Amino acid sequence: MTTRVQARDLAFLAEETASTPRHNATVEVFEPGDSGFDHERLLELIEDRISFVPRYRQRLQAVPGGLANPVWIDDPDFDLGYHVRRSALPRPGTPEQLRELVARIVSRPLDRSKPLWEVYVVEGLADGRVALLYKAHQALVDGVHTVDLAQVLLDASPEPKLLGGDDWDAWKRPSATSLLAGAVRDNLTRPAVLGQTLRSASASVARTAETTGEQAGRVLGALTGRGNERETPISGRHSQQRRVVSVHTALADHQRIRDGHGGTVNDVVLATISGALRGWLMNRSESMSGLRRIRAVVPVSVIDSELEATSLGSQMAAHVVDLPVGEASPVVRLHQVSYSFQSHQETGRGVAANRLAGIAGFAPSTFHAIGSRVAAWESGRSDQLVVTNVPGPQSPLYAAGARMVATYPVPPLLPGHLLAIGVTSYDGQVSYGITADRDKVPDADVLGQCLAESLDELLDTVSGVRPRAPRGRRKKGADRS
């Protein structure tokens, strides 16, 4: 059985380059306890549940002559062992070493000849902990046909559950003749398919012309000594490598700030990010006189029948927020962010955080994937940053009996963006995941420290003065993973 790739999914594939891999990633840290959780147990768990995400056993197949968009076909050579990989840190592995390994793995594009996902089991962490790194292409996880694998692996109980798996055999690979016949039939009988084919072809021509124009502009800039792009601390041309930073904070602190000043936890998160960016830029001795705001795309969950339907009970829409990094007062920053979301809240389309957190399985990984897709569709030339913030369950989850003690997202970088921030709340924690260009943002860890300090600064406004470490030094306990 084959399914034709949608035009939007094809765009993610066509726009991918070595320096802008288009995949989402999530890190989960487990306390195995007496469960014996390891690489073999994970293989068994995935084999038992992969039938819930059938596209994870499918790969792309092009149509001869490009008469229609490619199709998803069952991979006749599917090898679960290829996709579930084993790695280790020198014991006792630190959170910093884990993030360095994650950064190297997410910097590499996925193999197009295989199903577009990988999972890494990372052993050797301190206290016997084990980490999982999920990596899936934006074209794979759309929230419509496929949710993220992490969503179907976790249970609310420490008792391991076996669902029986399935007796899967790949459908016979379609021949070139059948692919051509299907393309002609779909183009003649389904106007939507013909429209997608024409749009994909025209978009390919436009991308080629745009790429050629950019290359010519760079050559001309090099010859004349002038660049055709104005780079900023958070925007510019990518290198091929990434940095990853995580900061783990208490949900209770965010709620305390919300209760003291009003608004929502999401407002507190964005105000914390605004203060962190301000502190980071000042630490770099950047002039704040001309940099008053940073325009961010923040995907939000809504109920809207006109948007692409998902299997999660809500849709995602892009909301543009100007983060007030030029404002010195943390309270004013918070109120400015809250005001920017007022119009969205007044529409009545918003989805409550507790509803999102109550979706079966670990839905944040899927929502981050959908959010990154929406941000890519809606991002314009004036956008400088993408922030995805997804609430998760506030009770512990388990994989094959092992308790998940921490998790954070690793969002992809959009073209021209040197930073991306994802936020996940889980079991009393709010975890910030920062992805940064390795060459252009060598001080991404300082931004992580500034996040912790920015939250402390907001806490000061509701609980009095709290001691803070001087900016520029790593703050002890900032990362509690």
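Visitor: Why is glutamate 15 called partly exposed?

Guide: Its relative accessible area is 36%. Buried means under 20%, exposed means over 50%, and partly exposed is in between, using a 1.4 Å probe and protein chains only. The value 36% falls in between, so glutamate 15 is partly exposed.

Visitor: What kind of model is this, and how are residues numbered?

Guide: It is a predicted model, where local features need pLDDT of at least 70, side-chain atom pairs count only at pLDDT 80 or more, and totals for chains, interfaces and linings use all residues. Residues are numbered from 1 along each chain as its sequence is written, and side-chain values use heavy atoms, with hydrogens and water left out.

Visitor: What makes glutamate 15 and arginine 22 a salt bridge?

Guide: The rule asks for a side-chain nitrogen of Lys or Arg within 4 Å of a carboxyl oxygen of Asp or Glu. Here the closest N and O atoms are 3.5 Å apart. That is within 4 Å, so the pair counts. In general, side chains of opposite charge can pair when their charged atoms come close.

Visitor: Is arginine 22 buried or exposed?

Guide: Buried. Its relative accessibility is 2%, which is under 20%.

Visitor: How do you know that arginine 242 and aspartate 437 form a salt bridge?

Guide: Their closest N and O atoms are 3.7 Å apart, which is within 4 Å. The two residues sit 195 residues apart in the chain, arginine 242 in strand S8 (residues 242-250) and aspartate 437 in strand S15. Both arginine 242 and aspartate 437 are buried. Strands here are DSSP runs of E, at least two residues long, while helices are runs of H or I, at least four long, and both are numbered from the N terminus.

Visitor: What makes aspartate 322 and arginine 295 a link between parts of the chain?

Guide: They form a salt bridge, with the closest N and O atoms 2.8 Å apart. Aspartate 322 is in strand S10 (residues 315-323) and arginine 295 is in strand S9 (residues 294-302), so the bridge ties together parts 27 residues apart in sequence. Aspartate 322 has 29% relative accessibility, and arginine 295 has 31%. Both values lie in between the two cut-offs, so both residues are partly exposed.

Visitor: What makes Leu67, Leu180 and Val184 a surface patch?

Guide: Patch residues have over 30% relative accessible area and no salt bridge; like charges are joined within 9 Å, and nonpolar side chains (Val, Leu, Ile, Met, Phe, Trp, Tyr) within 5 Å. Leucine 67 has 41%, which is over 30%. It is also partly exposed. The loop between strand S3 (58-61) and strand S4 (71-74) holds leucine 67. The nonpolar patch covers about 210 Å². Such areas come from the Shrake-Rupley method with a 1.4 Å probe, and for residues only the protein chains shown count as cover.

Visitor: Why is alanine 400 called buried?

Guide: Its relative accessibility is 8%, which is under 20%, so it counts as buried. Alanine 400 also has a positive phi of about 50°, although it is not a glycine. It lies in the loop between strand S12 (398-399) and strand S13 (402-410).

Visitor: Why is aspartate 427 called partly exposed?

Guide: Its relative accessible area is 26%, in between the cut-offs. Aspartate 427 has a positive phi too, near 50°. Its loop runs between strand S14 (419-426) and strand S15 (429-437).

Visitor: What makes S5 and S12 edge strands?

Guide: They belong to an open sheet of 6 strands, in the order S5-S6-S7-S2-S13-S12, with mixed pairing. S5 and S12 each pair on one side only. Two strands pair if DSSP finds at least two bridges between them.

Visitor: How do you know that strand S2 and strand S7 pair?

Guide: S2 (residues 23-31) and S7 (residues 130-137) share 8 bridges, which meets the rule of at least two. The sense is antiparallel. One of the bridges joins glutamate 28 to leucine 132 in S7.
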